[in-house]
Amino acid sequence: MEPSRTLIDWPGRRAAWISASDPPKSVLDQKFQHDPRRHTLVCGDNLDALKLLLPSLERKVRVIYIDPPYNTGNGLLYNDRFGSWGRDGDRHAAWLSMMAPRLLLAWRFLRDDGVFFASIDDRELPRLRLLCDEVFGEDNLVSTVIWRKKVVRGRGNRHILPQTEYILAYARDINALPPFHENLTPGMKKEYAHHDSLGPYKKIPLAKSGTRQSPRPNLYYSLMAPDGSEIPCPTHQWRWSRETVERRKNEILMEKNRKGRWTVYTKQYLRSPEGEERKRTPESYYDRVTTSDGTAEMKELFGEVILDFPKPSRLIRDLISWATPRGSSDPVMDFFAGSGSTGQAVLELNAQDGGSRPFYLVQSDDPIVHPEFRSIYEICRGRVERVIKRLEKTGHSPLEVREYRVVGYPLKP
Ligand SMILES: C[S@@+](CC[C@H](N)C(=O)[O-])C[C@H]1O[C@@H](n2cnc3c(N)ncnc32)[C@H](O)[C@@H]1O
């Protein structure tokens, strides 16, 4: 049978695909060599910048996070209105033609165990999803994370107030992508309120919860209580087989309640025998920070909000920490860097866990009117500088930063 593949087509698709492999039209102002001991900032259009970084970074990047223009049509400091917007306009085609070659290139930067994250809202979500399915392979979809970006009611729609956007996550190879982990929340840790010689643990009933189902014969048996009485099988079944209960009897706890009924628990320890604290798998609904945290962060660093809707760096820091181990030195890339929130996320995560992940940020020189910053690139650099200064004051020594500029070919004499 033919594999069922859904390809996304639009006027301009062929040219967009080809433009990914066209030679770059510019050069970097100095020779670029991947050096894991340095962070890299690149000023210029990301299509050429990616082509120029690729030869020394191909298959070396562990995490790519991007926050591209959403094609809202709004007047922002950068172009967020692609193509023409009439009834027969080609706005989606124009946006796809911009995105396609950049995604094709992004894929080439990823290591086998690499992951790609892209923020997007409702407007271009369906197209981005199909485009990514094609570039990364639909089997490599890790998840569509829903980010609750707003908790206040606000305006903007007469029917349903928009409060969420999305983060698509794709693996370069889902089978090579290690599981994602994150720390337990303080509330979860509180549940490990009991102690024995192996440390804190929490009690989990051995009886299986949930709806009634046909019991598996090996999970259906009775147990003997310490006083010799029989503990019948619960309504549904046990979670462990008799053999497992026997083998792990040190983790079994039987307690009599006031009514004289026995309950059986398993002990789940907070730490492994090696002392490693238990982790959990992240969930597809993310509501730890909102857009206003991103805005507050910018105010704190610059004293004002220079770019609208910067992403809260905590969101990006969490994504990177899901995908890279503690103390990692894996490269992270963002080629729609904006105000540099990914730079802040990497710098602070490194400071937190002793890592030395280098970042590669690309941001165009989109001009702005401001007394201190002439372009969005300068805001990006400004954020990175400020965060580094702050970290140095608290005794951290972030990696050095090197800047590159995409420039036209020098004129022939
Ligand atoms: C949605 S914003 C990113 C915001 C960023 N995540 C933050 O938290 O500040 C998209 C950014 O991509 C930049 N951009 C758009 N097209 C670009 C291109 N072709 N090359 C480089 N940067 C580009 C825009 O200037 C804008 O700053």
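**Entry: ground rules.** I count residues from 1 along each chain, in the order its sequence is written. Because the model is predicted, local features need pLDDT of at least 70 and side-chain atom pairs count only at pLDDT 80 or more, while totals for chains, interfaces and linings use all residues.

**Entry: domains.** I looked up the domain assignment, whose bounds come from an automatic or database assignment. Domain 1 covers 27-181 + 281-408, and domain 2 covers 186-269. Taken over C-alpha atoms, the centres of domain 1 and domain 2 are 46 Å apart.

Entry: I sorted the shell by class: Ala, Val, Leu, Ile, Met, Phe, Trp, Tyr, Cys and Pro are nonpolar, Asp, Glu, Lys and Arg are charged, and the others, Gly among them, are polar.

**Entry: terms for helices.** I take helices as DSSP runs (H or I, at least four residues), numbered from the N terminus. Axes are lines fitted to C-alpha atoms over the stretch in contact, and angles run from 0 to 180 degrees between N-to-C directions. Angles under 35 degrees count as roughly parallel, over 145 as roughly antiparallel, 65 to 115 as roughly perpendicular and the rest as oblique. Residues are in contact if their C-beta atoms, placed from the backbone, lie within 7 Å. A crossing is left-handed if the near helix is turned anticlockwise from the far one by less than a right angle, and right-handed if clockwise.

**Entry: α2 and α3.** Helix α2 (residues 46-57) packs on helix α3 (residues 91-109) at about 20 degrees, with axes 10 Å apart. I therefore note α2 and α3 as roughly parallel. Their crossing is left-handed. Asn46, Leu47, Leu50, Lys51, Leu54 and Leu57 of α2 meet Pro101, Arg102, Leu105, Arg108 and Phe109 of α3. I find seven nonpolar, one polar and three charged residues in this contact.

**Entry: α8 and α9.** The axes of helix α8 (residues 313-323) and helix α9 (residues 341-353) come within 8 Å and cross at roughly 55 degrees. That angle makes α8 oblique to α9. The crossing of α8 and α9 is right-handed.

**Entry: α9 and α10.** I found α9 packed on helix α10 (residues 376-393) at about 15 degrees, with axes 9 Å apart. This makes α9 roughly parallel to α10. The crossing of α9 and α10 is right-handed.

Conventions. Helix = DSSP H or I, 4+ residues; strand = E, 2+ residues; numbered from the N terminus. Contact = placed C-beta atoms within 7 Å.
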